[in-house]
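Please read the following report alongside the sequence and the model.

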Amino acid sequence: MTVRTAPFSANTWLDSQRISTPLAPFPRFSERRSSWRGPGSDVVWVHIATEDPAVFGIGQARGGAVIAALLTEHLRDLLVGQDVREVARLTAELGRVAQPYAAGGAVAMAASAVDLALWDAAARAAGVPLYRLLGGSPGALPYYLTAADASVDLPADLLPGAAYVKVPMPYGPADGPTNVARNLEVLAAVRERVPADLPLAVDCFMSWDVPTAVAFARAAADLGLGWIEEPLAPDDLDGHQELRRAITPVRVASGEHAFGLRAGLDLLRTRSVDVLQTDVTWCGGLRIAQTLATVATAQGVTFAPHASALQPWALHLLAATGPGCLAEIMVGLGPAAGVPAPSEGPGVGIDPADAGF
């Protein structure tokens, strides 16, 4: 087995428009998240090759050059000559090897990139789509839509089947006492363009607090608000529980930035979320994500992996999750591919050329 990496930088509407972020309290970083994220939002691709040209794997994480350095300078050499089918052992080994770098985002992202590539290769070696190895079945997946703002044209073929329409919130507590009213104007503009029976959701990118979220949920009662996403940091379990009690029936979503199995399980164990949004390219790998999906759906928590329509590994996982899950389609990012579904060929369906290899 040989391993290559290929960082890839691409700016999207997520980087170019005003979105409330954890850096909002600092004015020089408040207008654009591209002003502070550096390589943190860059994709890093991983390509694993074997002696059989038909057996290879593609994985992905974020963190760009930072994660690529961890992979190429340390972890890559430990994979050379190993059997790609031994996914569980190899992922466990690399997780322990990376412990000196401390648990959290960087280690979980690097582990995810390798893990996803190994699963892809293992499925190709078996000659089956990845969802088969994960115990799933083919078919279209339930989904929701994420748009940049109210001005975006939502795809007419997808809108009728969507479970929610979500938009990011531009403002937070750092923007002063009018932030709730200004965000309500954004949501109201979306409501005008979306069927009345289709719930809306908002993404707050860990930049709100409990009073702000409660005030917004109550003020948005007539706008069909379905969930508030990432109002708080994922480790603020007490805050999540307080918020859930205060805004029912509006739901609380989080988990995108919960790195590793323990962080995801903590959100579920403490009943802190109604929607779990694990990112398969960040959490540490597919088995971690699948474990979280199993626990979440058993509790009645919706499993809705972050950016999943852009991540074929996540679509294969969702095909193995069953009822109680949602794929996220980010409108305007990636090719318009219709209703999300896992690919049917061996592996996850990524051509190495599409990943820069």
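Helix α6 covers residues 179-191, and at 1.5 Å a residue its 13 residues should span 18 Å, which agrees with the 18 Å between its end C-alpha atoms. The expected span used here is 1.5 Å times one less than the number of residues in the helix. Helices and strands are DSSP runs numbered from the N terminus, a helix being H or I over at least four residues and a strand being E over at least two. The buried residues of α6 are N179, V180, N183, L184, V186, L187, V190 and R191, where buried means under 20% relative accessible area, exposed means over 50%, and partly exposed lies in between (1.4 Å probe, protein chains only). These residues cover an arc of only 160 degrees around the axis, which puts them on the same side of α6; the arc is that of the directions from the helix axis to the C-beta atoms. The elements against which they pack are β5 (165-168), β6 (200-203), α7 (210-219) and β7 (225-229), with contact meaning heavy atoms within 4.5 Å.

The model is a predicted one, in which local features need pLDDT of at least 70 and side-chain atom pairs count only at pLDDT 80 or more, whereas totals for chains, interfaces and linings use all residues. Residues are numbered from 1 along each chain as its sequence is written, and side-chain values use heavy atoms, with hydrogens and water left out.

One of the strands that α6 packs against, β6, contains L200, a residue that is buried with a relative accessible area of 0%. Leaving aside neighbours within four places in sequence, L200 is in contact with residues including L187, V190 and R191, and also with L223, G224, L225, G226 and W227. The C-alpha atoms of L200 and G226 are separated by 5.4 Å, although the two residues are 26 apart along the chain.

Turning to the protein as a whole, there are 11 helices and 11 strands. The radius of gyration is 20 Å, close to the 21 Å that the globule rule gives for 357 residues, so the protein is as compact as a globular protein of that length. Here the radius is taken over C-alpha atoms, and the rule is 2.2 Å times the number of residues to the power 0.38. The C-alpha trace spans about 60 × 40 × 35 Å along its principal axes, and 56% of the 357 residues count as buried. Among contacts between residues at least 6 apart in sequence, 68% join residues at least 24 apart. The accessible surface comes to about 14500 Å², of which 55% belongs to carbon and sulfur atoms; such areas come from the Shrake-Rupley method with a 1.4 Å probe, and for residues only the protein chains shown count as cover.

Several single residues can be set side by side by their relative accessible area.

| Residue | Relative accessible area | Class |
|---|---|---|
| D15 | 5% | buried |
| C204 | 0% | buried |
| C283 | 1% | buried |
| G284 | 7% | buried |
| R271 | 46% | partly exposed |
| A307 | 6% | buried |

D15 is found in helix α1 (residues 13-16), and, not counting residues up to four places away in sequence, D15 touches A10, R32, R33, S34 and S41.

How many disulfides are there? The count comes to 0, a disulfide being a pair of cysteine sulfur atoms within 2.5 Å. For C283, the closest cysteine sulfur is that of C325, at 15 Å, which is too far for a bond.

G284 is found in the loop between β9 and α10 (286-298), and its contacts beyond four places in sequence are T91, A108, A111, S112 and D115.

The backbone also deserves a look. A cis peptide bond, with omega of about 15 degrees, joins T248 and P249, and P249 has its place in the loop between α8 (237-247) and β8 (251-254). R271 is not a glycine, yet its phi is positive at about 55 degrees; this residue lies in the loop between α9 (261-269) and β9 (275-276). A307, also not a glycine, has a positive phi of about 55 degrees, and its place is in the loop between β10 (302-303) and α11 (312-319).
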